[in-house]
Amino acid sequence: MHEFKSKYGPWALVAGASEGLGAAFAEELAKRGLNLVLIARRLEKLEELSNNLRDRYPIEIKYHSLDLADFAETKHFVTGLETHIGLLVYNAAYAPISYFEHISEESLIKIVDVNIKAPLLLSKLVSVKMIEKRKGGIVLMSSLAGTQGSPKIATYAASKAFNAIFAEGIWSELKKHGIDVIASCAGAITTPGYINAQNTKDAPGTLNAKKVAEKTLNALGKGPTTIPGFTNKIAQFFMGRLFSRKFAISIMDNNTKHLS
Ligand SMILES: NC(=O)c1ccc[n+]([C@@H]2O[C@H](COP(=O)([O-])OP(=O)(O)OC[C@H]3O[C@@H](n4cnc5c(N)ncnc54)[C@H](OP(=O)(O)O)[C@@H]3O)[C@@H](O)[C@H]2O)c1
């Protein structure tokens with residue numbers, strides 16, 4: 001715990017922190033003694049989470065309502081921070097569920113803005129200071145959906161593939177500066193977003209948000225990618241290495257057709 005704090009502290013920025021996995025990351029980081037900067041759109045949720053964490057952990061917390069799709073506003077906020085961000089956790093995602101032909105151009109652009117542009121540019125912004133300090137960490141949330149084509153969430157899944165591949169590249173580049181990078185390729189997580197979308201029983205290997213946050217942060221510094229949960233690791237072995245691409249896509253199709 002102490003080592004984690006000295007390597008990735010004193011402040012962590014959690015982008016997409018108001019509920020679900022982002023809130024679980026905030027709690028896990030508070031437990032590890034890091035001060036927090038929390039970002040999401042819903043101010044009241046951030047306020048509630050901050051009060052709750054402050055009551056239980058001796059840390060400082062700043063929170064701010066902003067839309068990560070608006071990069072100018074995000075950049076203005078992050079560059080104006082007077083605190084040193086030693087850890088970035090990019091958790092926010094936009095995941096409209098519908099077939100490509102039915103998704104508007106605006107929605108497609110928003111997937112790119114929230115899931116690709118913002119994590120890319122936030123990684124750039126925070127890594128500049130991390131390079132100077134010769135330490136730090138970057139956690140990018142990816143997904144098992146991003147390891148093959150995923151019908152009904154095709155663009156979202158492709159955006160998650162971007163995060164995984166981007167994280168692997170900068171993992172290699174930034175380690176010489178003492179910075180750890182990881183992509184967390186999670187399977188299903190019982191977050192409000194997942195519960196709203198899932199119409200059937202939970203997928204095999206479904207984990208709660210606390211477990212995913214804990215396992216992801218424990219894996220930071222140990223390699224470029226982590227897949228939280230044993231069942232998910234096995235699933236990825238079959239989907240990514242044993243099955244043909246065609247067969248893996250058809251399995252995804254079978255799972256995602258129940259989402260709405
Ligand atoms: N849930 C799963 O089954 C699952 C599986 C694999 C991977 N993942 C990944 O895990 C991460 C979290 O998933 P989740 O299910 O917890 O997502 P979620 O329920 O949709 O919550 C995402 C968080 O991001 C914030 N957010 C979303 N859009 C934002 C925006 N434009 N600006 C600022 N904040 C924004 C939300 O807060 P506000 O609404 O208050 O802004 C919320 O706090 C995502 O990256 C997702 O791809 C999830």
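Predicted model: local features only at pLDDT ≥ 70, side-chain atom pairs only at ≥ 80, totals over all residues.
Let's start with an open space. Rolling a probe the size of a water molecule over the atoms shows where empty space is left. In this model, the second largest pocket holds about 270 Å³ of space.

Which residues lie nearest the centre of this pocket? They are Gly-20, Ala-23, Ala-24, Glu-27 and Leu-49, and they belong to a lining of 14 residues. Three helices, α2 (20–31), α3 (43–56) and α8 (209–219), each supply at least two residues of that lining. The largest share comes from α2, with six residues. Sorted by class, the lining has seven charged, four nonpolar and three polar residues.

## Aromatic rings

Next, look for the ring-shaped side chains. A pair of aromatic rings is described by the distance of the centres and the angle of the planes. Across the whole structure, a search finds five aromatic pairs.

One of these pairs is Phe-4 with Tyr-8: the ring centres are 4.8 Å apart and the planes meet at 65°, so the pair is edge-to-face. Both residues sit in helix α1 (residues 2–8), four residues apart, which is about one turn of the helix. Are these two residues buried or exposed? Both Phe-4 and Tyr-8 are buried. Phe-238 and Phe-243 form a tilted pair, with 5.7 Å from centre to centre and 55° between the planes. Phe-238 has a relative accessible area of 35%, so Phe-238 is partly exposed. Phe-243, at 27% relative accessibility, also counts as partly exposed. Phe-238 and Phe-243 belong to one aromatic cluster together with Phe-237 and Phe-247.

## Tyr-194, a buried residue in a helix

Tyr-194 is found in helix α7 (residues 192–197). Its relative accessible area is 14%, and because buried means under 20%, Tyr-194 counts as buried.

What does Tyr-194 touch, not counting residues up to four places away in sequence? The list is Ala-188, Ile-189, Asp-202, Ala-203 and Thr-206.

## Two buried residues in loops

Asn-91 has its place in the loop between β4 (85–90) and α5 (105–133). At 13% relative accessibility, Asn-91 is buried. The side chain of Asn-91 reaches the backbone oxygen of Gly-16 at 2.8 Å. Gly-16 is also one of the contacts of Asn-91 beyond four places in sequence, along with Ala-15, Leu-21, Gly-22, Phe-25 and Met-141.

Ser-150 lies in another loop, the one between β5 (136–143) and α6 (154–174). Ser-150 is buried as well, with 3% relative accessibility. Which backbone atom lies 2.7 Å from a polar atom of the side chain of Ser-150? That atom is the backbone oxygen of Ala-145. The side chain of Ser-150 also reaches the backbone oxygen of Gln-148, at 3.2 Å. Leaving aside neighbours within four places in sequence, Ser-150 is in contact with Ala-145, Ala-157 and Met-252.

Methods: Residues numbered from 1 in each chain as written. Heavy atoms only, no water. Buried < 20%, exposed > 50% of the residue type's maximum accessible area, 1.4 Å probe, protein only. Contact = heavy atoms within 4.5 Å. 1 Å grid on protein atoms, 1.4 Å probe; cavity = no way out; pocket = protein on both sides within 12 Å on 5 of 7 lines; lining within 4 Å. Points joined across faces, edges and corners; volume = space filled by probe spheres on them. Nonpolar A, V, L, I, M, F, W, Y, C, P; charged D, E, K, R; others polar. Phe/Tyr/Trp six-rings, centres within 6.5 Å; stacked < 30°, edge-to-face > 60°. Polar contact = N/O pair within 3.5 Å; in protein donor to acceptor, adjacent residues only side chain to side chain.
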